Amino acid sequence: MIKIPIYEPSLSGNEKKYVNDCLDSTWISSKGKYLQLFEDRFKNFIGVKYATAVSNGTVAIHLALIALGVGPEDEVIVPTLTYIASVNAIAYTGAVPVFVDSVEPSWQMDIEDVKRKITAKTKAIMAVHLYGHPCDMKSLKELCVEKNIFLIEDCAEAIGSMFENQHVGTFGDISTFSFFGNKTITTGEGGMVVTNDETLYDRAVHFKGQGLAQHRQYWHDVIGYNYRMTNICAAIGYAQMEQIEHFIERKREIANLYREQFLNTNIEFHHEAENVKHTYWMCSILVPDDKSRDDLRSYLSNKGIETRPLFYPVHTMPMYSRKFQRHAIAEKLGWRGINLPSFPGLTNEQVIEICTAVKDFYK
Ligand SMILES: *Cc1c(COP(=O)(O)O)cnc(C)c1O
């Protein structure tokens, strides 16, 4: 039986009130006041000019790539150590994902490897702020400007994270977020595409709503998609935005407690670089060797503590492994990492219980 789950959304704000408002007013589909309220609050929080809500974080990435005009013949550089959705969204466009390795101790994409992988076909670089730790956005941005390549940020795991006091999602030409049930804020399923570029915003909105032409009803001038969010989801999202500062603060407290507990042990807690704010979507550790990783996970599971392995590097998965290349750091992290319970509702006692169990295992 699970005593401490890996994640649990916090829904004790105005979620119920706003959802009931949707039901009472019958505005339950993809029009209604909460969409505007949610988008406005979201873009003010991040500090961007434009935001458009979509039905999940995967289609947010697809839509962002479509807005950039990414398609067959193009290459998009992406870290191999990421959630599968980052890479699948590239594949949906017909473009080729080109994998790069990670660096320690941040576990983010390796800029030197990015430089090696740029070709004449590289249309965009996708930064993924893995587990809530920002990538090196200064180097990435400089590189993209120099080479005239688009920069897209997959911020699904990093809402509120900052690189040199600037929100992730504001560095790229276009950026995306996810509001799945275990993300830092949730709408059940949901996502957001943000940008400071009016043309990219217009393109995203156009493709999100079936490619509807601007000046004639039921006239469509591109093959679009239905990637819209519902007013009900936006109502939940708006209520979540009212609590986001608290969620992030509590997640950082929990992370600091984990870090303290693992000091002077053989467990390496996820590092936070000096010039960033990590929001710890997941609190992650590296264990000393890949052999003990799964045994530790079963040991914790027997104590009712749910864990997850770190993402397996995508270049090792069958559909993406045709041109197999080693990505040594990502492979090491993927086989030695564990995500521990990381949700804002965890108590300090629960965190200590988890850490004690991990330490007992290695005694
Ligand atoms: C969660 C996640 C997504 C996709 O989000 P969904 O809302 O589940 O579609 C994309 N990229 C990363 C890195 C994620 O963690």
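Analyst: Let me start with helix α4, residues 84-92: Ala85, Ser86, Val87, Asn88, Ala89 and Ile90 are its buried residues. Keep in mind that this is a predicted model.

User: Which residues other than glycine have a positive phi?
Analyst: Tyr131 is one of them, with phi of about 60°. Asn148 is another, with phi near 60°.

User: Where is Asn148, and is it buried or exposed?
Analyst: Asn148 is in the loop between α6 and β5. Its relative accessibility is 72%, so Asn148 counts as exposed.

User: OK, and Tyr131, buried or exposed?
Analyst: Buried, because its relative accessibility is 0%. Tyr131 sits in the loop between β4 and α6.

User: Let's switch to aromatics. How many aromatic pairs are there in the whole structure?
Analyst: The search finds 21. Tyr131 turns up here again, in a stacked pair with Trp281: the centres are 6.0 Å apart and there are 15° between the planes.

User: Why does that pair tie together parts that are 150 residues apart in sequence?
Analyst: Because Tyr131 is in the loop between β4 (122-128) and α6 (137-147), whereas Trp281 is in the loop between β11 (276-277) and β12 (283-286). Trp281 is buried too, with a relative accessible area of 6%.

User: What about Tyr131 and Phe311, why is that pair stacked?
Analyst: The ring centres are 5.3 Å apart and the planes are at 10°, so the pair counts as stacked; the cut-off for the planes is under 30 degrees. That pair also links distant parts of the chain, with Phe311 in the loop between β13 (308-309) and α11 (328-336), 180 residues apart from Tyr131. Tyr131 and Phe311 are both buried.

User: Which residues form an aromatic cluster?
Analyst: Phe38, Phe42, Phe177 and Phe179 form one.

User: And which charged residues lie over rings?
Analyst: Lys183 is one, over the face of Trp281 at 5.1 Å from the ring centre. Arg216 is another: its charged end sits over the ring of Trp219, 4.4 Å from the centre.

User: What separates Asn182 and Met282?
Analyst: They are 100 residues apart along the chain, but their C-alpha atoms are separated by 9.6 Å.

User: New topic, His129. Which side chain does it make a polar contact with?
Analyst: The side chain of Glu153, at 2.8 Å. His129 is in the loop between β4 and α6, and it is buried, at 0% relative accessible area.

User: What else is it in contact with?
Analyst: Leaving aside neighbours within four places in sequence, the contacts of His129 include Gln108, Cys135, Asp154, Cys155 and Val168.

User: Where's the cis peptide bond?
Analyst: Between Glu104 and Pro105, with omega of about 0°. Pro105 is in the loop between β3 and α5 (111-117).

User: Last one: how is the protein divided into domains?
Analyst: Domain 1 covers 15-241 and domain 2 covers 244-361. Their C-alpha centres lie 25 Å apart.

User: How many residues of each domain are in contact, and what area do they bury?
Analyst: 41 residues of domain 1 are in contact with 38 residues of domain 2. The two domains bury about 3400 Å² between them, with 64% of it on carbon and sulfur atoms.

Key:
Residues are numbered from 1 along each chain as its sequence is written. This is a predicted model: local features need pLDDT of at least 70, side-chain atom pairs count only at pLDDT 80 or more; totals for chains, interfaces and linings use all residues. Side-chain values use heavy atoms; hydrogens and water are left out. Rings of Phe, Tyr and Trp (its six-membered ring) pair if their centres lie within 6.5 Å; planes under 30 degrees apart count as stacked, over 60 as edge-to-face and the rest as tilted. Helices (H or I, at least four residues) and strands (E, at least two) are DSSP runs, numbered from the N terminus. Buried means under 20% relative accessible area, exposed over 50%, partly exposed in between (1.4 Å probe, protein chains only). A charge sits over a ring if NZ of Lys or CZ of Arg is within 6 Å of the ring centre and within 35 degrees of the ring normal. A polar contact is a pair of N or O atoms within 3.5 Å; within protein, one must be able to donate a hydrogen and the other to accept it, and residues adjacent in sequence count only if both atoms are side-chain atoms. Contact means heavy atoms within 4.5 Å. Domain bounds come from an automatic or database domain assignment. Buried area is the accessible area (1.4 Å probe) that two parts lose on being put together, summed over both.
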